[in-house]
Amino acid sequence: MRAYDVIVAGLGGMGSSAAYHLAARGRRVLGLERFGPAHDQGASHGGSRITRQSYFEDPAYVPLLLRAYELWDKLARDSGRDLITLTGGLMAGRPDSVVVAGSLRSAREWGLPHELLDAAEIRRRYPLFRPEPDEVALYEDKAGLVRPEATVEANLALAAGLGAELRFHEPVVSWSADGAGVAVRTAAGTYRADALVVCPGPWASRLLADLGLPLVVERHVQFWFAPRGGVEPFLPARQPIYIWEQSAGIQVYGFPALDGPDGGVKVAFFRRGEVTTPDTIDRAIRPREIEDMAAHLEARLPDAAGRFLRAKACMYTNTPDEHFVIARHPAHERVTVACGFSGHGFKFVPVVGEILADLALTGSTPHPIALFDPARAALTAPR
Ligand SMILES: Cc1cc2nc3c(=O)[nH]c(=O)nc-3n(C[C@H](O)[C@H](O)[C@H](O)COP(=O)(O)OP(=O)(O)OC[C@H]3O[C@@H](n4cnc5c(N)ncnc54)[C@H](O)[C@@H]3O)c2cc1C
């Protein structure tokens, strides 16, 4: 079969971006995907994803976000697609909550523009929200939403336009690597290339079994409601994205109302998934889950708790410390891996593609990725 420079296994958020960046650098790329383009079976579907810069997870993500924002604009321009909308964002909770304290730390450490609002100010500016008297919020202008399916489609179209060969409904069965190159096997045959980039999302434990990573896949549900009294006050020009940490550490996040098939106001719990696997995930939504979410909205954002429209399951692939895994494969210098995005990877899609292209072609990247080392203690400690 034809030889390629680089094979990309998995064309979801990260793999589609890697394929685009590699093709843009003039490489002959083969992309292999088990489902169709921009499908809804993995981690990159549901119409919207939050993006933000005052990153409560760790200030080490901020330089990557600053680069990602440049690349989001470029991707939107180059593809002519509507991919990113800045709505402003509220990171709300008690002052010592992870969401508020962590966001403030990143904002201060990196000098990111932000405001700290007390409960009265939150109510004054955003009357839809019902904060408790002792809750506050960090507000940042640069927060907003990105569109996962459109992003994957944009990456795939640009990659194909640059000559990448993209094969769908063709799962990778196995891969091997030696000094001479890589070989990737599917039901259709064996493909050879100089290098391999593996981005399997929730299927990482399968395609990267040899790494022995302690990954846990979780089922997470995205809910859409029709706001009471109409969508006007919930449109992106008036309603920011938000992440709200409530008592007992429960985090709820939400979006303004979008148009079209993604219409309605979307909300979800951030870290309250149930452990599953990509083969056994229950995609049916239970009435109790809808009631639970409606009750949360009723208390905090009551106008959003109108008619339930729909819900959709999605998967997180969590590492124990909730930081990503992005690296050259420790045992194979021709193989680069990206997985374990732990429910917060999508906003990084363009910069992860750039990093994966760097690693696959040169073995290193100027971007700071030490936090994502698969050999870090949090991933290798006995448990
Ligand atoms: C409900 C929910 C809400 C989220 N909210 C946010 C948010 O607000 N902000 C944010 O930044 N992030 C968010 N995330 C996380 C973000 O969406 C993910 O981190 C990101 O989509 C992961 O991309 P990925 O490429 O690793 O996985 P995927 O997009 O799932 O891609 C993996 C691909 O590999 C393919 N594949 C697997 N095995 C094989 C094989 N053997 N052969 C060929 N192909 C294979 C799969 O079919 C899939 O297409 C959310 C995730 C969920 C589920």
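Guide: A crossing is left-handed if the near helix is turned anticlockwise from the far one by less than a right angle, and right-handed if clockwise. This model is predicted, so local features need pLDDT of at least 70 and side-chain atom pairs pLDDT 80 or more, while totals for chains, interfaces and linings use all residues. Residues count from 1 along each chain as its sequence is written, and side-chain values use heavy atoms, without hydrogens and water.

Visitor: Which hand does the crossing of H1 and H5 have?

Guide: Take H5, residues 148–161. Its axis and that of H1 come within 8 Å and cross at roughly 30 degrees. The crossing of H1 past H5 is left-handed.

Visitor: Which residues of H5 does H1 meet?

Guide: H1 brings Gly13, Ser16, Ser17, Ala19, Tyr20 and Ala23. Contact means heavy atoms within 4.5 Å. On the H5 side stand Val152, Asn155, Leu156, Leu158 and Ala159.

Visitor: Are H1 and H8 parallel or oblique to each other?

Guide: H1 spans residues 13–24 and H8 residues 349–362. Their axes lie 7 Å apart, at an angle of about 55 degrees. The crossing of H1 and H8 is right-handed. Angles under 35 degrees count as roughly parallel, over 145 as roughly antiparallel and 65 to 115 as roughly perpendicular, so H1 and H8 are oblique.

Notes
Axes fitted to C-alpha atoms, helices over the stretch in contact; angles between N-to-C directions. Helix = DSSP H or I, 4+ residues; strand = E, 2+ residues; numbered from the N terminus.
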